[in-house]
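Let's take a friendly walk through a protein structure, from its overall outline down to a few single residues. Have the sequence and the 3D view ready as you read.

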Amino acid sequence: MSINRAILLGHVGRDAEIRTTQSGDSVATFSLATTEHWKDKTTGERREETQWHQVVVFNQNIVNVCRDYVKKGGRVSVEGAIKTREYTDRDGV
């Protein structure tokens, strides 16, 4: 048995962008930052690491919520499946 489920709680990096597919459905995309804080055991100083996530929403009801409420700097909780995508940049990397 396996489960592909994730819950992210973080800050919105940019306002939700709403696009329309060729079939007429709306899709919302936005970036979400999650930050982990800890105290370094050797130096004793506080450390943090931020991960950026690109969120894509296909559910039409949630797309409407994103349009109205997902704004830069706001806090958002997202739950869903993780899908990893790869791309090649201009330098072939």
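## Overall shape

The radius of gyration of this protein is 17 Å, whereas a compact globule of 93 residues would have one near 12 Å. Keep in mind as you look around that the model is predicted. Along the principal axes, the C-alpha atoms fill a box of roughly 55 × 35 × 35 Å.

Now for the surface. The protein has an accessible surface of about 7,900 Å², and carbon and sulfur atoms make up 47% of that. Of the 93 residues, 24% count as buried. As for charge, there are 14 positive and 13 negative side chains, and the centres of these two sets lie 4 Å apart.

## How the chain is built

Which elements does the protein have, and in what order do they run from the N terminus? The order is β-β-β-β-α-β, made up of one helix and five strands.

Take the contacts in the protein with a separation of 6 or more: 54% of them are between residues 24 or more positions apart.

## The nonpolar core

Which residues form the largest nonpolar core? There are twelve of them: Val12, Ala16, Ala28, Phe30, Leu32, Val55, Val57, Val63, Cys66, Val70, Val76 and Val78. Two or more core residues come from each of strand E3 (26–39), strand E4 (46–57), helix H1 (60–69) and strand E5 (75–80). E3 gives the largest share, three residues. In soluble globular proteins, nonpolar side chains tend to be buried together.

Beyond its neighbours up to four places away in sequence, Val57 touches Ser26, Val27, Ala28, Phe30, Ile62, Val63 and Cys66.

Find Thr29 in strand E3. Is Thr29 buried or exposed? Thr29 counts as buried because its relative accessibility is 16%, and the cut-off for buried is under 20%. Leaving aside neighbours within four places in sequence, Thr29 is in contact with Arg14, Asp15, Ala16, Glu17, Val55 and Val56.

Ser31 also has its place in strand E3. With a relative accessible area of 6%, Ser31 is buried. Not counting residues up to four places away in sequence, Ser31 touches His11, Val12, Gly13, Arg14, Trp52, His53 and Gln54.

Trp52 is one of the contacts of Ser31, and Trp52 is found in strand E4. Trp52 is exposed, because its relative accessible area is 52% and exposed means over 50%. Apart from neighbours within four places in sequence, Trp52 is in contact with Gly13, Ser31, Leu32 and Ala33. Trp52 and Thr34 are 18 residues apart in sequence, and their C-alpha atoms are 6.6 Å apart in space.

Next, look at the loop between H1 and E5, where you will find Lys72. Lys72 counts as exposed, with 62% relative accessibility. Its contacts, not counting residues up to four places away in sequence, are Val12, Gly13, Arg14 and Asp15. How many residues along the chain lie between Lys72 and Ala16, and what separates their C-alpha atoms? The two are 56 residues apart along the chain, and their C-alpha atoms are separated by 8.1 Å.

Terms used
Residues numbered from 1 in each chain as written. Predicted model: local features only at pLDDT ≥ 70, side-chain atom pairs only at ≥ 80, totals over all residues. Heavy atoms only, no water. Core = buried A, V, L, I, M, F, W, Y, C linked by side-chain atoms within 4.5 Å. Buried < 20%, exposed > 50% of the residue type's maximum accessible area, 1.4 Å probe, protein only. Helix = DSSP H or I, 4+ residues; strand = E, 2+ residues; numbered from the N terminus. Contact = heavy atoms within 4.5 Å. Rg over C-alpha atoms; globule rule 2.2 N^0.38 Å. Areas by Shrake-Rupley, 256 points an atom, 1.4 Å probe, with all protein chains shown as cover. Lys, Arg positive; Asp, Glu negative; His and termini not counted. Charge placed at Lys NZ, Arg CZ, Asp CG, Glu CD.
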